[in-house]
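Me: I would like to learn how to read a residue's surroundings and then the packing of helices. Could you take me through this case step by step?

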Amino acid sequence: MTTMDDRPLETHALINELEGHLLIEAARTEGRAEAARFTGSLAWLTDTQQEEVEARYQENYLALTRCSWQRTAQRGRELRAEYEERYRTLRRRLCAGFLLGAALVLAAVVVMTVSNG
């Protein structure tokens with residue numbers, strides 16, 4: 001499948017973008033619902049004041065949600081880096097252990113050959 005300018009679609013990027021839009025829209029919907037719930041308890045507000053409070057509440061809700069997502073993404077990157085480093089360390093140890101074991105087996109074979117020969 002290609003785009004209108006004959007470039008291939010990058011499915012993974014497209015899915016990520018779509019997921020991002022869906023997450024933002026879900027956060028906006030949650031923000032609207034929470035704003036309506038909050039202003040519903042403030043019966044003394046005029047309609048105009050209620051709309052303004054709801055709009056600011058929604059903006060703050062979305063900003064806090066984005067901030068939370070950014071912290072989560074940053075922590076995910078940190079964890080990935082930590083696990084990749086740990087994997088590299090374990091891989092080096094495994095290779096070193098394998099080489100040491102192979103050297104010991106080779107030395108044992110040489111000793112056995114020399115002592116029998």
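Me: Which residues does T39 touch, not counting residues up to four places away in sequence?

Reply: Contact means heavy atoms within 4.5 Å, and by that rule T39 touches L45, Q50, V53 and E54. This is a predicted model, in which local features need pLDDT of at least 70 and side-chain atom pairs count only at pLDDT 80 or more, while totals for chains, interfaces and linings use all residues. Residues are numbered from 1 along each chain as its sequence is written, and side-chain values use heavy atoms, with hydrogens and water left out.

Me: Is T39 buried or exposed?

Reply: Buried means under 20% relative accessible area, exposed over 50% and partly exposed in between, with a 1.4 Å probe and protein chains only; T39 has a relative accessible area of 2%, so T39 is buried.

Me: Which buried residues does α2 have?

Reply: They are E54, L62 and T65, and what covers them includes α1, the helix of residues 11-40 in which T39 lies. Helices here are DSSP runs of H or I with at least four residues, numbered from the N terminus.

Me: How are α1 and α2 placed relative to each other?

Reply: Two packed helices are described by the angle between their axes and the distance between the axes. Here α1 and α2 pack at about 140°, with axes 8 Å apart, where axes are lines fitted to C-alpha atoms over the stretch in contact and angles run from 0 to 180 degrees between N-to-C directions. Angles under 35 degrees count as roughly parallel, over 145 as roughly antiparallel, 65 to 115 as roughly perpendicular and the rest as oblique, and α1 and α2 are therefore oblique to each other.

Definitions and conventions. Helix = DSSP H or I, 4+ residues; strand = E, 2+ residues; numbered from the N terminus.
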